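Visitor: Please show me the model, and then I will ask about it piece by piece.

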Amino acid sequence: MALDQSFVGRTYPPTPAYEVGREKIREFAEAIGDPNPAYRDPEAAKALGHPDVVAPPTFPIVISMPAADQVVYDPALGLDWSRVVHGDQRFNHERPMRPGDRVEAVVTVDSIKTFAGNDMITLVTVMSTVEGELISTARALLVARAESADEKSEGRS
């Protein structure tokens, strides 16, 4: 079943503020295996011109994913999450996230397309401090795979 095109342009409410912390930054850097000292050592970050440690460039996924969940789990959209694969993820940063940032995310459905029976939905998530400073914008492509011929013949979905 094709996704509801009327969702294109729909914007969801801001997420609750997420407070970025040094330990969360360190844990994320460890999880992705990035040894950059600017993610752990305030002095190393200051030597690079930052006021404190900074988050890795992909850290905003921690904030953008819960925002995207508002769309993904909206029953009116008709997205079958069991068929979804992550097609693409991009970030455009104004500056790195750093400890003390309180970040809200607002997600908008940018586009919905169907190609070869696959539904593709693009989400744009704008992440700003609670004071209104833009930090990062995420663009994610989710693909809901079409049923295979075998699944159709077996009556599965």
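Visitor: Which residues does Ile 121 touch, not counting residues up to four places away in sequence?

Guide: This is a predicted model, in which local features need pLDDT of at least 70, side-chain atom pairs count only at pLDDT 80 or more, and totals for chains, interfaces and linings use all residues. Residues are numbered from 1 along each chain as its sequence is written, and side-chain values use heavy atoms, with hydrogens and water left out. Contact means heavy atoms within 4.5 Å. With sequence neighbours up to four places away set aside, Ile 121 touches Leu 3, Val 71, Leu 77, Val 109, Ser 111, Ile 112, Ala 140, Leu 141 and Leu 142.

Visitor: Which residues of the largest nonpolar core touch the most other members?

Guide: A nonpolar core is a set of buried Ala, Val, Leu, Ile, Met, Phe, Trp, Tyr and Cys residues joined through side-chain atoms within 4.5 Å. Buried means under 20% relative accessible area (exposed is over 50%, partly exposed in between; 1.4 Å probe, protein chains only). The largest core has 35 residues, and those touching the most other members are Val 71, Leu 77, Met 97, Val 109, Ile 121 and Leu 123.

Visitor: Which helices and strands each supply at least two residues of this core?

Guide: Helices (H or I, at least four residues) and strands (E, at least two) are DSSP runs, numbered from the N terminus. On that basis, the suppliers of at least two core residues each are helix H1 (22–32), helix H3 (61–72), strand E3 (102–115), strand E4 (118–129) and strand E5 (134–144).

Visitor: How many residues of E4 are buried?

Guide: E4 is a mostly covered strand. Of its 12 residues, the number buried is 9.

Visitor: In what order do the strands of the sheet lie?

Guide: Two strands pair if DSSP finds at least two bridges between them. E3 and E4 are joined by 12 bridges, E4 and E5 by 10, and E2 and E5 by 9. The sheet is open and antiparallel, with its 5 strands in the order E1-E3-E4-E5-E2.

Visitor: Which are the edge strands?

Guide: An edge strand here pairs on one side only. The edge strands are strand E1 (18–19) and strand E2 (84–93).

Visitor: What angle does the direction of H3 make with that of E3?

Guide: Axes are lines fitted to C-alpha atoms, for helices over the stretch in contact, and angles run from 0 to 180 degrees between N-to-C directions. H3 packs on the sheet and touches E1, E2, E3, E4 and E5. Its direction and that of E3 make an angle of about 50 degrees.
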